[in-house]
Amino acid sequence: KIIELEDWILPVVYKSRDVVLPLKKMSVEEKVAYYSKLYKATSFNEPTYGFFGRDLEILKIEKSLLFNNQLLVRGMKGVGKSTFLQYLSWWWEITNYTEGTIYFDVNLKPIHLEAILAKVSEKIFGKKNKYCAGLSPEKALKIQRGEVLEALNSNKFAIILDNIYELEDKEIISFLSQVNGKSLIVFGSVNPETKLAPSTFRDHVFLLGGLDTAAQFQMANAIINKKTEKEMNSLIKENEFDFQHLMNLLMGFPLALELVLPKLRDLSVSELVEQLQEGSLELELSGFRPDFPSD
């Protein structure tokens with residue numbers, strides 16, 4: 001099989017004389033700073049079959065954020081959008097692309113400005129806010145909002161709001177529209193977010209598609225090895241045309257790969273393709289995704 005490769009950059013030291021790279025062990029202070037950041041970093045729970053590809057998507061997003069600090073990542077259900085954004089949140093922290101990231105899954109819990117400010121404040125300042133002491137809730141919220149905005153605009157943090165589904169909260173939109181300095185705001189949705197767009201990301205939209213060819217085959221191999229008693233290379237040798245046709249039908253959508261490929265335990269590749277095309281393949285969706293629509 002032929003797998004198209006992406007470009008990679010490998011650092012190389014060219015020398016005409018001896019080169020001394022003065023590497024040294026970390027001091028106690030450096031170790032404390034390093035491990036403190038590592039332990040506080042956003043966690044990433046790797047999917048059942050692993051996380052594959054997306055290097056090119058990350059590069060494109062980081063490049064586009066140089067010109068506009070707010071972005072909508074839009075993609076269909078099952079394309080792997082939430083997993084990608086969770087990975088992005090983790091990746092930006094461990095690579096020091098940002099000073100810290102704050103990820104919200106709005107689908108799991110309805111979000112309010114107070115909750116956003118509390119979580120962002122704790123991430124930036126390292127403690128829960130204590131603005132309410134001796135102040136009315138309204139005044140405390142205004143002070144907290146002002147300090148958080150000041151910190152976001154003068155330092156590079158990232159707020160990721162996933163599964164927003166036509167966000168309309170005026171207080172949240174007003175707050176986000178004022179994050180116009182160094183920090184980044186990334187939204188994740190299946191919708192165009194028409195009410196949110198004018199004052200935040202505007203026309204800055206990244207359309208997330210399925211996995212690239214190499215990542216599709218890597219994930220397919222992991223699923224087939226784990227869920228069936230067959231080997232992917234053997235399936236390809238037996239029926240390369242139908243296997244490629246099957247992969248084309250699944251379009252590199254991680255959810256489609258996870259749901260369909262385990263069926264190869266009981267079906268041949270050609271039988272699976274036939275049932276997919278006829279619409280007769282039975283898939284068990286209940287309990288598979290908490291946000292997966294019943295229809």
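Predicted model: local features only at pLDDT ≥ 70, side-chain atom pairs only at ≥ 80, totals over all residues.
Reader: What share of the 295 residues is buried?

Author: Buried residues make up 40% of the 295 residues, where buried means under 20% relative accessible area. The way the chain comes together can also be read from its contacts: among those between residues at least 6 apart in sequence, 76% join residues at least 24 apart.

Reader: Which residues touch the most other members of the largest nonpolar core?

Author: The general idea is that, in soluble globular proteins, nonpolar side chains tend to be buried together. Here the largest nonpolar core has 29 residues, and Val120, Leu152, Leu161, Phe175 and Phe187 touch the most other members. At least two residues of this core come from each of β2 (100-105), α4 (113-125), α5 (137-154), β3 (157-162), α6 (170-177) and β4 (184-189), and α4 gives the most, with five residues.

Reader: Which residues does Val120 touch, leaving aside those up to four places away in sequence?

Author: With those sequence neighbours set aside, Val120 touches Ile102, Phe104, Val148, Leu152 and Ile159. Apart from this core lies another, of 25 residues, which includes Phe52, Ala220, Met247 and Leu250.

Reader: Which nonpolar residues form a patch on the surface instead?

Author: Such a patch is formed by Met26, Tyr34, Tyr35, Leu38 and Tyr39, which together have about 540 Å² of accessible area. To take one of its members, Tyr34 lies in helix α1 (residues 28-40) and is partly exposed, with a relative accessible area of 42%.

Reader: How many salt bridges does a search of the whole structure find?

Author: The search finds five salt bridges, and the idea to keep in mind is that a side-chain nitrogen of Lys or Arg must be within 4 Å of a carboxyl oxygen of Asp or Glu. One of them joins Glu30 and Lys24, whose closest N and O atoms are 3.3 Å apart. Glu30 is partly exposed, at 36% relative accessible area, whereas Lys24 counts as exposed, at 63%.

Reader: Why can the salt bridge of Lys195 and Glu168 be said to tie together parts that are 27 residues apart in sequence?

Author: The side chains of Lys195 and Glu168 meet at 3.6 Å, N to O. Lys195 lies in the loop between β4 and β5 (205-207), while Glu168 lies in the loop between β3 and α6, so the pair ties together parts that are 27 residues apart in sequence. Lys195 is exposed, with a relative accessible area of 53%, and Glu168 counts as partly exposed, at 47%.

Reader: Where do Arg265 and Glu229 lie?

Author: Arg265 and Glu229 form a salt bridge, with their closest N and O atoms 3.4 Å apart. Arg265 lies in the loop between α10 (254-260) and α11 (269-278), and Glu229 in the loop between α7 (213-227) and α8 (232-238), so this pair ties together parts that are 36 residues apart in sequence. Arg265 counts as partly exposed, at 43% relative accessibility, whereas Glu229 is exposed, at 71%.

Reader: Which side chain does the side chain of Ser174 join in a polar contact?

Author: A polar contact of 3.1 Å joins the side chain of Ser174 to that of Arg145. Ser174 is found in helix α6 and is partly exposed, with a relative accessible area of 31%.

Reader: Where is Glu193 placed?

Author: Glu193 is in the loop between β4 and β5, and although it is not a glycine, it has a positive phi of about 55°. At 0% relative accessibility, Glu193 counts as buried.

Note on methods
Residues numbered from 1 in each chain as written. Heavy atoms only, no water. Core = buried A, V, L, I, M, F, W, Y, C linked by side-chain atoms within 4.5 Å. Buried < 20%, exposed > 50% of the residue type's maximum accessible area, 1.4 Å probe, protein only. Helix = DSSP H or I, 4+ residues; strand = E, 2+ residues; numbered from the N terminus. Contact = heavy atoms within 4.5 Å. Patch = residues over 30% accessible without salt bridge, like charges linked within 9 Å, V, L, I, M, F, W, Y side chains within 5 Å. Areas by Shrake-Rupley, 256 points an atom, 1.4 Å probe, with all protein chains shown as cover. Polar contact = N/O pair within 3.5 Å; in protein donor to acceptor, adjacent residues only side chain to side chain.
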